[in-house]
Amino acid sequence: MTDSRQPDPEAGDTFAQAFSEHSDDTAIVDVNEPSQQVVLFQLSGQPFALPGHAVSEILKGDTPVYFVPGLPDSTEGVIHLRGQIESLITLQPLLGLPTTPADGMLLIVKGAGIRSAVRIDQLEDVCELPVSALKTPPDTLASTLRPYVSALWQPSDGQPATALLDPDALFQAYQQGLG
């Protein structure tokens with residue numbers, strides 16, 4: 001169905017009239033609202049995010065991983081990245097999540113003074129979220145996740161809440177041998 005009303009060049013619809021007829025008052029966006037860049041990903045089938053400032057690179061999952069004997073369960077091995085040797089850690093043991101096959105992508109993450117590759121199951125998106133959309137984690141959050149989650153984001157489309165992880169807390173726990 002089409003709008004049969006045609007603008008009359010003689011009558012001269014003003015911009016204000018045209019805008020008022022076709023505007024959507026519910027679609028107001030505050031362009032001055034602070035936002036935070038995040039990297040959204042899946043880990044053991046659950047949605048997680050890391051702050052964008054902490055992730056310096058996203059690598060394909062087929063990057064060769066070299067096993068090093070005697071490393072803790074949370075360290076998958078090391079990778080060679082442009083002349084640098086980086087550890088590759090998995091977050092599932094630290095977060096109390098079931099392990100998944102080691103074929104996901106890698107994120108190069110900085111936190112707590114160290115840099116390491118982190119294996120994820122699937123990259124979802126890299127986007128900007130309004131800071132007001134990030135909520136304080138509830139007390140009902142699983143005790144294994146609570147120390148590492150800095151905020152929760154609930155997408156408006158009914159998807160499960162996404163936990164924003166604190167890279168400093170994750171890497172401090174990793175350095176202490178937790179997980």
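I began with what pairing means here: two strands pair if DSSP finds at least two bridges between them. I kept in mind that the model I was reading is predicted.

**Entry: S6 and its partners**

I looked up S6 and S7 with that rule in hand. Six bridges join S6 to strand S7 (residues 114–119), and the two run antiparallel. For glycine 111, I found isoleucine 114 as the bridge partner in S7. The hairpin of S6 and S7 has two residues between the strands, and there alanine 112 takes a positive phi near 50 degrees.

Then I turned to strand S3 (residues 55–59), which is joined to S6 by four bridges, again in an antiparallel run. Isoleucine 58 has leucine 107 as its bridge partner in S6.

Is S6 buried or exposed? I found that five of the six residues of this strand (residues 106–111) are buried, so S6 is largely enclosed by the rest of the structure.

**Entry: the six-stranded sheet**

Next I traced an open sheet of six strands, and noted its order as S8-S1-S2-S11-S10-S9, with mixed pairing. Which strands stand at the edges? They are S8 (122–130) and S9 (134–135); each has a single partner strand, so one side of each is left without a neighbour in the sheet.

Inside this sheet I checked S1 (residues 35–43) against S2 (residues 46–51): they run antiparallel and are joined by six bridges. One pair I wrote down is valine 39 with its bridge partner in S2, leucine 50.

**Entry: the largest pocket**

I went looking for open space and noted that the largest pocket has a volume of about 190 Å³. S1 and S2 came up again, as each supplies at least two residues of the lining. Which strand gives the most to that lining? It is S1, with three residues.

Among the lining residues I listed Leu40, Phe41 and Gln42, along with Pro47, Phe48, Glu124, Trp153 and Asp157. By class, I noted seven nonpolar, three polar and two charged residues in the lining.

**Entry: the whole chain**

Last, I stepped back to the chain, which has three helices and eleven strands. Along the sequence I read the pattern α-β-β-β-β-β-α-β-β-β-β-β-β-α. Of the 179 residues, 36% count as buried.

I also looked up how far apart in sequence the contacts reach. Among contacts with a separation of 6 or more, 59% are between residues 24 or more positions apart. The accessible surface comes to about 10,900 Å², and 53% of this belongs to carbon and sulfur atoms.

Note on methods: Residues are numbered from 1 along each chain as its sequence is written. This is a predicted model: local features need pLDDT of at least 70, side-chain atom pairs count only at pLDDT 80 or more; totals for chains, interfaces and linings use all residues. Side-chain values use heavy atoms; hydrogens and water are left out. Buried means under 20% relative accessible area, exposed over 50%, partly exposed in between (1.4 Å probe, protein chains only). On a 1 Å grid over the protein atoms alone, a cavity is a set of points where a 1.4 Å probe fits but cannot get out, and a pocket is an open set with protein on both sides within 12 Å along at least five of seven lines; lining residues have an atom within 4 Å of a point. Grid points are joined across faces, edges and corners, and a volume is the space filled by probe spheres set on the points. Ala, Val, Leu, Ile, Met, Phe, Trp, Tyr, Cys and Pro count as nonpolar, Asp, Glu, Lys and Arg as charged, and the others, Gly among them, as polar. Contact means heavy atoms within 4.5 Å. Accessible areas come from the Shrake-Rupley method with a 1.4 Å probe; for residues, only the protein chains shown count as cover.
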